[in-house]
Amino acid sequence: KNTLYGQGTGRHADEEVFEIGRQIIDDLSTLLGESPCFYSETPTIIDACVFGSLVNFAHGPVHSSIADHLKSKPNLVRYMDQLTLQYFPNLEKQAA
């Protein structure tokens with residue numbers, strides 16, 4: 001609990017945390033638009049960071065309304081699918 005408070009999440013009510021998360025997803029979706037990557041036509045370190053976070057929300061062990069909101073953004077789903085296929089082609093085969 002102290003860790004959550006120290007990094008900021010514990011300073012908000014649960015619904016506030018989820019609303020902040022949904023807003024971040026909206027902002028990322030807007031920033032990405034229809035581009036294949038953030039700020040470039042090819043992946044950069046920014047994409048590595050964003051991809052890692054999004055995949056954890058979408059497919060991690062803890063389900064939340066943030067994951068549902070993320071999955072409602074077609075451009076972010078496409079983004080995750082493209083990078084998964086490009087850099088982790090065996091991942092989908094293992095999950096099947």
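A helix here is a DSSP run of at least four residues marked H or I, numbered from the N terminus. I keep that in mind while I read this predicted model.

**Entry 1: the overall fold**

I counted the elements. The protein has six helices and zero strands. From the N terminus on, I read α-α-α-α-α-α. Next I looked up burial. Of the 96 residues, 27% count as buried. The accessible surface comes to about 6700 Å². Carbon and sulfur atoms own 59% of that surface. I then took contacts between residues at least 6 apart in sequence. Of these, 60% join residues at least 24 apart.

**Entry 2: Tyr39**

I went to the loop between helix H2 (14-32) and helix H3 (45-59), where Tyr39 lies. Is Tyr39 buried or exposed? Its relative accessible area is 64%. Exposed means over 50%, so Tyr39 is exposed. I also checked the backbone. Most residues other than glycine have a negative phi. Tyr39 is not a glycine, yet it has a positive phi of about 65°.

**Entry 3: how H5 packs**

I looked at helix H5, residues 74-87, against H2. The two pack at an angle of about 75°, with axes 9 Å apart. Angles of 65 to 115 degrees count as roughly perpendicular, so H2 and H5 fall in that class. On the H2 side I found Ile25, Leu28, Ser29 and Leu32. They meet Asn75, Leu76 and Tyr79 in H5.

Then I turned to H3. H3 and H5 pack at about 110°, with their axes 10 Å apart. This pair is therefore roughly perpendicular too. H3 brings Asp47, Val50, Phe51, Leu54, Val55 and Ala58 to the contact. H5 brings Leu76, Tyr79, Met80, Leu83 and Thr84.

I also looked up Pro74, which lies in H5. Pro74 is exposed, at 62% relative accessible area. Pro74 and Gly33 are 41 residues apart in sequence. In space I read 10.0 Å for them, C-alpha to C-alpha.

**Entry 4: salt bridges**

Side chains of opposite charge can pair when their charged atoms come close. How many salt bridges does the structure hold? It holds four.

I began with Arg22. Its side chain meets that of Glu15 at 2.5 Å, N to O. Arg22 has 15% relative accessibility, which is under 20%, so it counts as buried. Arg22 also forms a salt bridge with Glu19, at 3.2 Å. Arg22 and Glu19 are three residues apart in helix H2, so about one helical turn separates them. Glu19 is partly exposed, at 41%.

Next came Glu34 and Arg78. Their closest N and O atoms are 3.6 Å apart. Glu34 is exposed, at 70%. Arg78 counts as partly exposed, at 27%. Last, I noted that shared partners join Glu15, Glu19 and Arg22 into one network.

**Entry 5: His69**

I ended in helix H4, residues 65-71, where His69 lies. His69 is buried, with a relative accessible area of 19%. Which residues does His69 touch, not counting those up to four places away in sequence? I found Arg22, Ile25 and Asp26.

Terms used:
Residues are numbered from 1 along each chain as its sequence is written. This is a predicted model: local features need pLDDT of at least 70, side-chain atom pairs count only at pLDDT 80 or more; totals for chains, interfaces and linings use all residues. Side-chain values use heavy atoms; hydrogens and water are left out. Buried means under 20% relative accessible area, exposed over 50%, partly exposed in between (1.4 Å probe, protein chains only). Axes are lines fitted to C-alpha atoms, for helices over the stretch in contact, and angles run from 0 to 180 degrees between N-to-C directions. Angles under 35 degrees count as roughly parallel, over 145 as roughly antiparallel, 65 to 115 as roughly perpendicular and the rest as oblique. Contact means heavy atoms within 4.5 Å. Accessible areas come from the Shrake-Rupley method with a 1.4 Å probe; for residues, only the protein chains shown count as cover.
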